[in-house]
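I opened the model to look up its sheet and its pockets. My entries follow the structure.

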Amino acid sequence: MSKIFEFMKPYTAMILCATVLLVVEAICALALPGYMADIVNDGVLPGNIPLIWRNGAVMLLITLLGVIAALAMGYLGARAAAGVANDLRQAVFQKVLYFSNAEMNRFAVSSLITRTTNDITQIQSTLVMALRQFIYAPIIGIGGIILALERSVSMTWIIALAVICLVGLVAIMLVLVMPKYKMIQKLIDRLNQVSRENLSGILIVRAFSTQKFEKKRFDKANKDLAETNRFVDQAFAFMTPSIMLIMNLTTALIVWIGARQASAFRIDIGDIFAFLQYGLLIIFAFLMVAIMFVILPRAMVSAERIKEVLETGSSLLYKKEPTKFPADFKGVVEFRNVSFHYPDTTENDDNVLNDISFIAKPGGTTAIIGSTGAGKTTILKLLLRFYDVTGGAIFIDGIDIRDLGKKELHDKINYIPQKSLLFSGTIRSNLLYADKSATEERIKNAADIAQAEAFIQRKPQGYESNVAQGGSNFSGGQKQRLSIARALVKNAPIYLFDDSFSALDLKTDALLRAALKRKTNKSTKLVVAQRISTIMNADQIVVLDNGKITGCGTHAELMKTCEVYKEIAASQLSEEELNK
């Protein structure tokens, strides 16, 4: 919880004001039984009507003051807790934004969503309760004991017995419920994961008619969570009547013992009423603290999960004073003896890439081809520094990319990923995502080069047309062209195309590449491709096989020297194309 306290510091003044109001509310609650006792002893029994009216008016004012203090405290407490929750969400979200791929792989997306929503909501609810329970309850409890002793020492054992029973009941609850709280948060993660997978892959589920299987999988995750929650709810359901039984028995015992003492003239009748009210206040105070100790463990579990995210350091380290690119930036990309394996694997056999070396020059196109899993996309991720190389180095204009700042590096690179992703909003907002300051002319020029201008103009609202979440209201080819247009809006000197033309028909592909060549004739281009026909004219083609370079050269050179390339070509090209 120490991490949560750091986020409470900006709300110290608000919390202090709420504390003062809680003290006022507690004093008001403690003052009322005394006035009631005086009304009975000095007003009702002697028939002193003016005293009854006077004390009654005072009690009404005290009650009104207590209500005002309670309302004001509730407002301030809720604002402080909501503020802390808001700051926590922002901190977690910002932290996740700067996670490297290694950290994203460590925390599942479903778990990060649960931590950002459910866990922080749990902390917010607990903060509101804790503010009242840990301040209001002790004042009521200690004050109630002192004032009860003033009324009758001989009956205090009744309150002590009731408190012991309550503490024992809560201790049993803690033993039973605490282990379940950790399970609940993990089960919520699991349910979230199953739901996300099912909803994201709904088309595949329907295509393979696996609705029954997915239903069983969801039912299993849902049932596990429901049963765990049911156990906790049943425990609390048992606790409520048990507490009421203790309080009612305490009331009956105080009235019975008090009546016997009153008949023996050892206590006034008004003092019995006051003692009864103080007794109930004391029990209620202990009950509030006890319940807090039952609820607090769940908040502590949530706080620990939030702390885990906030204190996770990035595996990518950036220098405090990073190197800057020179003014005469060229964009020469060099991979020098690069090796890489994913985190948590250390053996050389686990390397995804081994001894990768090549140079991509400005004005030229370097294509990367190979079988699935050969490491093509990984090369682009390393250049973007989504991961750090585990051997060798990557240079841009002779500068190791690990010496550069994140913004300095990414400002020079345009990246079109393998999976086209659009954000909810409009076509314009998606294109401006690359550069908020882009002019209308640059936006339209980028769309025109990406062969997207035609279908955009066919829409009634043009660039203001709605884009659903993930771009689900566009075809695969349209999404891919919009992704390419978005990158072109940025106008950076290095372009990375990660199999970004796979959803395009051959005609559109040819038109786009021709327009792209004119646009990027001075830029450095790295293209990951599956089809040889799309990269035959590349200045150099890097052939990967099992994470190693087996050939590097032009199409004609590789057809003579590289067996892997010839096998790929034979599987894709006709005899006529092979003999050219």
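This is a predicted model: local features need pLDDT of at least 70, side-chain atom pairs count only at pLDDT 80 or more; totals for chains, interfaces and linings use all residues.

Residues are numbered from 1 along each chain as its sequence is written, and side-chain values use heavy atoms, without hydrogens and water.

Sheet. I looked up the strand order and found an open, antiparallel sheet of four strands, β2-β1-β4-β5. Strands are DSSP runs of E of at least two residues, helices runs of H or I of at least four, numbered from the N terminus; two strands pair if DSSP finds at least two bridges between them. Strand β4 (residues 391–396) is joined to β5 by two bridges, and Ile396 stands opposite Ile399 in β5.

Pockets. I took a pocket as an open set of points on a 1 Å grid over the protein atoms alone, where a 1.4 Å probe fits, with protein on both sides within 12 Å along at least five of seven lines; lining residues have an atom within 4 Å of a point. The largest pocket is lined by 46 residues, and Phe386, Tyr415, Leu421, Phe423 and Tyr433 lie nearest its centre. I found that α15 gives the most to this lining, five residues. For the second largest pocket I recorded 24 lining residues, with Thr365, Arg513, Lys517, Thr534 and Asn537 closest to its centre. Helix α16 supplies the largest share of that lining, seven residues.
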